[in-house]
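Work through the exercises below with the sequence and the model at hand. Each task is followed by its solution.

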Amino acid sequence: MREVRLLFSKTDRCKYISHLDINRCMSRALTRAKIPLWYTEGFNPHPYMIFSLPLPLGVESMCESLEIRIIGEITNEEIKNRLNAVLPDGIRILDVYEDFRDCSQIAFSDYVFKYEFQNNEEAVKKINTVLQRDSITALKRGKQGHKKVLKEVNIKPLIDQYGISERGENVVLNARLAAGQKQNLSPELFSQTILNLAGLEFEWKNIARLSLLDANYNNFR
């Protein structure tokens with residue numbers, strides 16, 4: 001038995017597939033591709049599958065990863081080719097490799113946000129003004145006892161780097177946000193908070209995760 005990590009992209013219409021459904025999709029694809037998986041023992045055996053960092057609904061990604069355990073003789077290239085032959089459009093295996101790092105080492109994630117406003121130039125100025133604040137307050141869902149509540153949190157410490165500019169008809173915002181098990185800033189919460197504080201309404205938007213990084217900004221694999 002050996003463990004391998006599948007690096008895959010999730011784009012186009014597949015960004016609207018929830019994490020639970022991605023789990024089901026990958027499980028079915030592994031079965032259809034006849035990948036010799038290792039199954040857990042016990043009353044209800046199931047294939048060993050671990051995703052590195054679940055992706056929010058509606059966000060594209062070029063750096064999703066899934067760990068599986070393999071038995072039998074099959075090469076990493078064959079795993080990649082078999083899966084790509086059965087996966088739906090919008091999900092593609094980019095690489096299959098061993099000797100990967102533990103998910104606990106993820107510290108940051110790079111995102112690109114693309115918007116279109118009625119006045120892009122004015123929008124860039126307003127967004128920059130918000131991002132330059134010492135404190136950026138967001139309303140985050142939480143729990144108080146058994147009751148769900150909205151809590152005010154300062155997300156400024158969770159924004160590591162950012163850059164914003166006009167590119168053609170779009171406003172492009174690149175941001176490096178805290179991610180992982182210790183602290184995590186949802187790209188949707190970040191985007192919604194910044195736009196609300198700037199008093200902006202977008203006509204079109206797209207969010208994509210570009211990469212995962214460790215605490216030293218090295219690429220996570």
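**Exercise 1: the cores**

Task: find which members of the largest nonpolar core touch the most other members.

Solution. The largest nonpolar core has 30 residues, and Phe113 and Phe190 touch the most other members. Such a core is a set of buried Ala, Val, Leu, Ile, Met, Phe, Trp, Tyr and Cys residues joined through side-chain atoms within 4.5 Å; buried means under 20% relative accessible area, with a 1.4 Å probe and protein chains only. β5 (108-116), α3, β8 (159-167), β9 (170-178) and α4 each supply at least two residues of this core. A second, separate core of 24 residues includes Met26, Leu30, Ile79 and Leu83.

This is a predicted model, where local features need pLDDT of at least 70 and side-chain atom pairs pLDDT 80 or more, while totals for chains, interfaces and linings use all residues. Numbering starts from 1 along each chain as its sequence is written, and side-chain values use heavy atoms, without hydrogens and water.

**Exercise 2: two helices**

Task: describe how α3 and α4 pack.

Solution. Helix α3 (residues 120-131) and helix α4 (residues 187-198) pack at about 110°, with axes 9 Å apart. They are therefore roughly perpendicular (65 to 115 degrees). On the α3 side, the contact (heavy atoms within 4.5 Å) is made by Lys126, Ile127, Val130 and Leu131; the α4 side includes Phe190 and Ile194.

**Exercise 3: one face**

Task: locate the buried residues of helix α2 (residues 76-86).

Solution. They are Asn76, Ile79, Leu83 and Asn84. Seen down the axis of α2, they fall within an arc of 120°, so they line one face of the helix.

Key
Axes are lines fitted to C-alpha atoms, for helices over the stretch in contact, and angles run from 0 to 180 degrees between N-to-C directions. Helices (H or I, at least four residues) and strands (E, at least two) are DSSP runs, numbered from the N terminus. Angles under 35 degrees count as roughly parallel, over 145 as roughly antiparallel, 65 to 115 as roughly perpendicular and the rest as oblique. Buried means under 20% relative accessible area, exposed over 50%, partly exposed in between (1.4 Å probe, protein chains only). The arc is that of the directions from the helix axis to the C-beta atoms.
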